[in-house]
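This report considers selected helices and loop residues of one structure. The sequence and the coordinates are shown first.

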Amino acid sequence: MRKLGIIACLVALLTSQGFADRVTSAYKQLQKGRYDKTKSLLDRAIGKQAINAGAHYIYALYFLTKENPAYQVDSSYTHIMLSLSHYAQIDKGDSTTWAKVGITLTSIERHRRKVESVAFSLAKSQNTITAYQTYVERFTTARELNKAIELRNQLAWNNAQALHSIAGYQSFIKTYPKASQVAEAQTRIDFFVYEAETTPATLKNLEAFLANNPQSVYRDSAVNQVFDLVSVNHQKATYEWFMKKYANSTAAKTAGDWLMSMYQNEGKLRQFYQQFGNYHRIAYVQQLLEVDSLQYFPILEAGRYGFIDQAGGLRIPIKYKQIYQDYLCEGIQDRFIMVRQNNLTGVIDKLGKTLIPVYYDQVEVLTDGVFKVVKNGMSGAFHQSGFPILPTVYDKIEVLNQYFLRVYRDGMWGVATLNGKLIVDCNFSEIDKKANSFVLFRKDNRYALIKNSQVFDQFLKQQFSLQLMYDEVDWIGGAYIKVLDQEKQGVVDTTGQLVLPPKFTQIKDLRVGWAARTSDSTAWQLYKRKGGLLSKTFFEMASPHDRFFVAKKQGKWGALSVVGDTLEPFKRDSLVFIGNVLLTFKGKQVLAKIKGREKPLNLSPYRFIKGERGNYPDAQPFVQVETRYRKKGLYNQKGKKMLAAVYDDILILADDLFSVKRYGRYGLVDTNRKVVLPIRYQGISNLKGGYQGLLLNRKFGLYHHQRKIKLEPKYASLPRPYSTSDSNRLFVVKKSHGFGLVDDQGKDMVAAKYQKIEYWTDSIALIKNEVGHWFLFNFITKQRLKTQDFNDIKYLKKEGDEIIALVSKVKFGILSNKRGLLIPMEYDLIYNLGSRETPMFFTERQYAGGKSFVVSYINHQKKVIWNKIMQEGDYHKILCEEY
C-alpha cells in the first residue's frame, strides 16, 4: 500500500509539472510570435485542467498582443479575470515553476489594469455613451471606471442640454441618478416649471407656484417678484404681512428694512424693536436705539472733523476732512450724516456705519427712507439701510406721490415704485399727481388719468395699460376732475369713475350736483353729484348750493332736492340761500323759508336782505335786513330776531356778540339784545383771543366779553395782553410817558414810563428803560433783579414753558426765564448749534488781537461739553458761515 501511495504522488507531481510545462511552453511560444502553437498548448492545458490560472494569464497576454491576428481586448479581460479567480487554487509547485517565467499574482494584477486601461482608451476613442456604458458595465474594477462614468454622464448631459426640455432633463435624472449634473438638471426642470407657472408674473400665478412648488430653487425668485408687486402700495401693513408670510426669504429682509425705516422716521424705533424681534438686523436696531434721539455736533482736531453727542461723548471718529456746512450752523438733527472726502459725498448712520459709500458728487434726502445720489450728472436712489433702489442712469428722480417716484431720461418721464421697480417706461412728456389719488400722463398733447389703486391692481395682474383719452385735464369741484376730449367736457371723480361723459360744451359745478349743456345755445340739464340725470327738464340757469338744486325755468326760479323732488315751485322771481335759510322773491314779496319752522318768515317790509358772517372760525351766517331808512337788523338761521332794525351798522364779533353803530357811536349787544357796552364809543374793533378794542376821545381800552375784562379807554394805544395764556389778566398799556403794566381792573403793576415791556414770567417782566437798557423787574415785590443789564435781546426759544434769549452788552450771554443766567455775558460770539427744544451753544472768546480763539460748546444745563483753543485758520473751519 505504501508503495502504491508513493507512485500516485509521483504521477500527480509529474502531471502537474506537465501542465506547468505546457503553460511555460505556451508563454515561450507567445514570446516568439507563434500564436497558433501558443493557442494549441493553452487549449490542451485548460482541457486537461480547467482551473488553470497560468494558462488563462497567458491567454490574456495572447489576446492583448497587437501583432496577434486574434487580438481581442474583451477576451483578454475574460481570461485575466479567470486567472485572478483561479490563482488561489494553484499548488505550490506550479506557483514556483510559473514564477520563474514571471507568472505571479502581481503580474496578473498588472495585466488586468493594463487591459482595463486599453479598453478605456478604446472607449474614449469612440467617445459615445454606448462605449462608455459598455466599459462601465464590463470593467467594474477598473481604475478608470469613475472617469468613464463621468465622461458618459457628460455626453448624456450634452444631449439633454441640446434637447433643453423637461422630458430631456427628467430622462437624464432617471437614467443617471448619481450624475453630478442631476442638481443642475433639476434646477432646469424647476426653471421650466417656474416660467410656465409664473407667466404672466401676476400675483395669482406667483402665489400658486409657491404653493405648488415649496422646494423649488426658484422659490426665492418668485417671492422677490411677489414683493415687487405687493410693495407697490408702500404701506406698513403690507410690509408686516410680507415679513410674516415669507419670513425666511431675501425679500422679507428688504420688507423689514422698509418697515424699520418707516417706524424710525415716525419716531417709533423702540416700538419696532419690541414688535419685530425676528427682523434680520434686530441687534443693529438695538444699537441704533442708543443714539437715535441724540443730537450730534461737529468738532475739529488737527484739521479733521468728528462728531460728539450732547453729553460730549465721541460718536463719530475724527477722520473727515470735509463736512456739510449746515452741520456747523445747526448740528445734526437728522438720523444720518453726510460725509465728504475729496469733494465726494457718502452717508453714514449715527453709529458710523457706511450706508452710501463716499463716491457720489451729490447726495440728498428724496423722501423718508430714500436718498437720491448723483454721479457725473446722472441720478440714482438708495434706501437708508444702504441697498440701491434705482441705478444712476436717470437725468432726474423726483417724488411723484406717497407711492411712486417719477424718473426722467432722454427727455421723457417714467414711473418707478419706491422699491425701484420701473412700472412705466420713460415714454411720457409729462407725469404728475392729482390730489394724491391720480397719476396724470401726457404724451403728444393727449392725457391719461389713472387712479393709484388702478395702478396697483393692473401691476398685480401684469396688465398695465394707459389710454390717452383726453385733450385737457383740470380740477373742478374740489374732489372732481374735468376732462376735455375733442372739445367736449366730462367729469371724473377721485375714485376714477366717470361721472359725466365727455360730451358737453360746458359744465358748471353746483356743489350739490352739476349743470351741463351740449351746446352754448341750448338750455342746461341737471345731474346728480355722483352722475346720472336728475331731471329731464331743461333750465335756463342754475346756481350753486350745498344742499339743493336751484334753477330757473321759464323765467321763474325754483328748487329741487338731491333726488329731484320739487322743494320750491318754479314761481319765484329769485331764490337766495343764506346758509339753510331760503329767501324767495316774487314781486315785492320776500319770504324766508326756514327748516323746522312751519310758516315762512315774511321779510317783505325790508328794503335790502343779505347774508353776513363774522370773521372768526366756524362762523355761522346771519340774515341781515335793512329798512328803507337804512336801519339794519339781524336774524339767525332759526329765524330768531337777534337785533331789531334800528342800527346804522352791525359787525358780528361772535355768535353771541355784536358791535352795533347808532348815531355815530358804537356799543356791544348780546344775543338776548341786551346792551353789554353802551353805545357811546367812537370805535370798537375785533382783536385776537376774543378781545375787543375800544376807542373813546382818542383813548384806547380793551374788553373781553366771556372773561368779563374791561379796561376803560384811557391809554395812548390799544392795551395788549401781557402773556398769551388763557388765564392772563395783566396788560401792557401805554401812557404819555411810556409803557407800563396793569391788571384787569386797571391797577398799575409797573409804572408807565418805559420804552418796552415784554413777558418773562408771571411775576417778572422784561423791561427796557429810557436809556435803552433791558433789565428784569419783579412787579409783585416791586424789586429789580440783580441780573446784569443788557442792550440787546434775541429770543432763541419762546415756545413751551421756557424762554431762552441771547443777551448782550458788548459781550454775549444766554438768559433763561426758568434757570436764570445760563452763560454769563463774557463771550465775543454765541449762537445756538442745537435745536430750539434742546439748545447747544457755540461760544467763542478771542485772544491775542483776534489771532487765537477759545471755542466751547455749552449745553442748556450750563455744562461745557467741548473746549478747544484754535488759531484763526482752524477757527474759521468750525465757525458757521453765517457768522
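## Packing of α11 and α12

Helix α11 passes α12 in a left-handed crossing, meaning that the near helix is turned anticlockwise from the far one by less than a right angle. The contact (heavy atoms within 4.5 Å) involves Leu203, Leu206, Phe209 and Leu210 of α11, and Arg219, Ala222, Val223, Gln225, Val226, Leu229 and Val230 of α12. By class, this contact of α11 with α12 comprises 9 nonpolar, 1 polar and 1 charged residues. Here Ala, Val, Leu, Ile, Met, Phe, Trp, Tyr, Cys and Pro count as nonpolar, Asp, Glu, Lys and Arg as charged, and the others, Gly among them, as polar.

The axes of α11 (residues 203-212) and α12 come within 10 Å and cross at roughly 150°. That makes α11 roughly antiparallel to α12, a term for angles over 145 degrees. Axes are lines fitted to C-alpha atoms, for helices over the stretch in contact, and angles run from 0 to 180 degrees between N-to-C directions.

## Basis of the model

The model is predicted: local features need pLDDT of at least 70, side-chain atom pairs count only at pLDDT 80 or more, and totals for chains, interfaces and linings use all residues. Residues are numbered from 1 along each chain as its sequence is written, and side-chain values use heavy atoms, with hydrogens and water left out. Helices (H or I, at least four residues) and strands (E, at least two) are DSSP runs, numbered from the N terminus.

In helix α3 (residues 53-63), 11 of the 11 residues are buried, so α3 is largely enclosed by the rest of the structure.

## Backbone geometry in loops

Most residues other than glycine have a negative phi, and most peptide bonds are trans. A cis peptide bond, with omega about -5°, joins Thr199 and Pro200; Pro200 is in the loop between α10 (182-197) and α11.

Asp618 is not a glycine, yet has a positive phi of about 55°. Asp618 lies in the loop between β34 (608-613) and β35 (621-626) and is exposed at 70% relative accessibility.

Definitions and conventions. Parallel < 35°, antiparallel > 145°, perpendicular 65-115°, else oblique. Buried < 20%, exposed > 50% of the residue type's maximum accessible area, 1.4 Å probe, protein only.
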